[in-house]
Amino acid sequence: SFMGSFFSRLAAKPGLLILVLLVQGAFAAGYLCQEHRWIEAGVVQSLKNVSSMHRRSFGLLETTLNYQLASIGEAVQAMGDSRSTPHLHALLVKEVEKAWLDTVVVLDAEGTIIADHSNVPLESVLLPGVSAKRSFKDLPNYQAALAGGAEFVTFFAPRPQAPELGGGGIALFRPIRSADGQLLGSVVGFTSMHSLSALLNIDAARGFDLGQDGILGFIDQRTHEWLYRYAHGKNSVAEGHKVVNPSMFQDTRYGPDVKSYRSPSDGLERLAVLAPQRDRQWLQVVAASKDEYLYSWRLQVAFSVLAFTGIGVLQWLLLGLFRRNHQQRTLLDLVLDNVDAYVYFKSSERRFLYVNAKTADLFGLPAEQIVGRRDLDFMAPDLADEYWDMDRQVFDSGKKQSDQEVLITPAGKTRY
């Protein structure tokens, strides 16, 4: 057949076989590289979507808490000098029962605590000096908030010794001022890392799961410290190296906001989307582990290497078989073509499987035009049936048969 002849010729040229295997390997490697790019591009787009959602979620959280503290400040201001501890305490209890706000502290104009309520241990929220003096007066962040004159100030409050808070939280200051701008007091809100994580990582339910080793965090652009680092799949705030070396973020082909880095905390290599927050004071980091999103691809690479090696060995063995068959066929043709006899092989369907040169010359056709055809295709029907009656006896009996056949050639010669 054509394929048999093709493989036989290919088997006779080992260099060509090696070239074919190299071309196959190049195509497989090219496809795997392209698939790697497709997977990574999809991950980058997902990370950008998560980053955008988290920025909006954090902004929504700040806005919500701002309005909540503003309403507390207005209620405190409306009470004036007539505010009583029970009424003020009832107000704070009601506000803390709302989502996300874990602690509320009301200060007077001097920074002294006049009321507070918390659904987490207050001693874990307040620094030891603040708890002892019951005053925020000497707290640098409180002083900076008042000096800045802003209506609303947010900053991270790390509490590494407070696991019940998730390692810290965000503190929010809102001053209470009179109509003429005089400072009457302040309202301080605190949201723990656990509450913050519950809000920011709700995106997993929307189909944007960062995986077991995904990271969401904020870095202080000035000190390069992790303000907040959430191990997405572990449902907890991750601990580890607090200071981040900016040089660990390596450029990628996906733009200046997409970096790759190896974490000093767990040694994993991640792809991250960086986004500035709070007038570029903070840097939001949303990252996914390469070990996770490339896991299936790496399995496919390993399987492809094994499969390609197996197929290559199989091809080599098959072509070796074709080469030996070709050599044996050549030797058989050499012998049978020089035998002074008409030699042919025929199937039970009356098709010729092989004819030697003498038989082909008898029919007046090349051997290639005889093999695969039935005797009825180029012989008179009565003569072909007569010959088949003798051939069929071999199939019926399974034994050797001896007889004489007479054939008149197209040239009019009689052959026996």
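## Aspartate 291 and arginine 298

Aspartate 291 counts as partly exposed, at 38% relative accessibility. In this predicted model, its side chain meets that of arginine 298 in a salt bridge, with an N to O distance of 2.8 Å. Arginine 298 is likewise partly exposed, its relative accessible area being 39%. Both values lie between the 20% and 50% limits that separate buried from exposed residues.

## Salt bridges in the model

The count of salt bridges comes to 14. Side chains of opposite charge can pair when their charged atoms come close.

## Glutamate 269 and lysine 290

A salt bridge also joins glutamate 269 to lysine 290, and the closest N and O atoms of this pair are 3.3 Å apart. Glutamate 269 belongs to strand 11 (residues 269-277) and lysine 290 to helix 8 (residues 290-293), so the contact ties together parts that are 21 residues apart in sequence.

The surroundings of the two partners can be stated separately. Glutamate 269 is partly exposed at 28% relative accessibility, whereas lysine 290 is buried at 13%.

Lysine 346 pairs with aspartate 391 in a salt bridge whose closest N and O atoms are 2.9 Å apart. This pair links distant parts of the chain, 45 residues apart: lysine 346 lies in strand 13 (residues 344-346) and aspartate 391 in helix 12 (residues 381-397).

Lysine 346 counts as buried, with 14% relative accessibility, and aspartate 391 is buried at 12%. These two residues belong to a network of salt bridges that links Lys346, Arg350, Asp375, Asp385 and Asp391.

Methods:
Residues are numbered from 1 along each chain as its sequence is written. This is a predicted model: local features need pLDDT of at least 70, side-chain atom pairs count only at pLDDT 80 or more; totals for chains, interfaces and linings use all residues. Side-chain values use heavy atoms; hydrogens and water are left out. A salt bridge is a side-chain nitrogen of Lys or Arg within 4 Å of a carboxyl oxygen of Asp or Glu. Helices (H or I, at least four residues) and strands (E, at least two) are DSSP runs, numbered from the N terminus. Buried means under 20% relative accessible area, exposed over 50%, partly exposed in between (1.4 Å probe, protein chains only).
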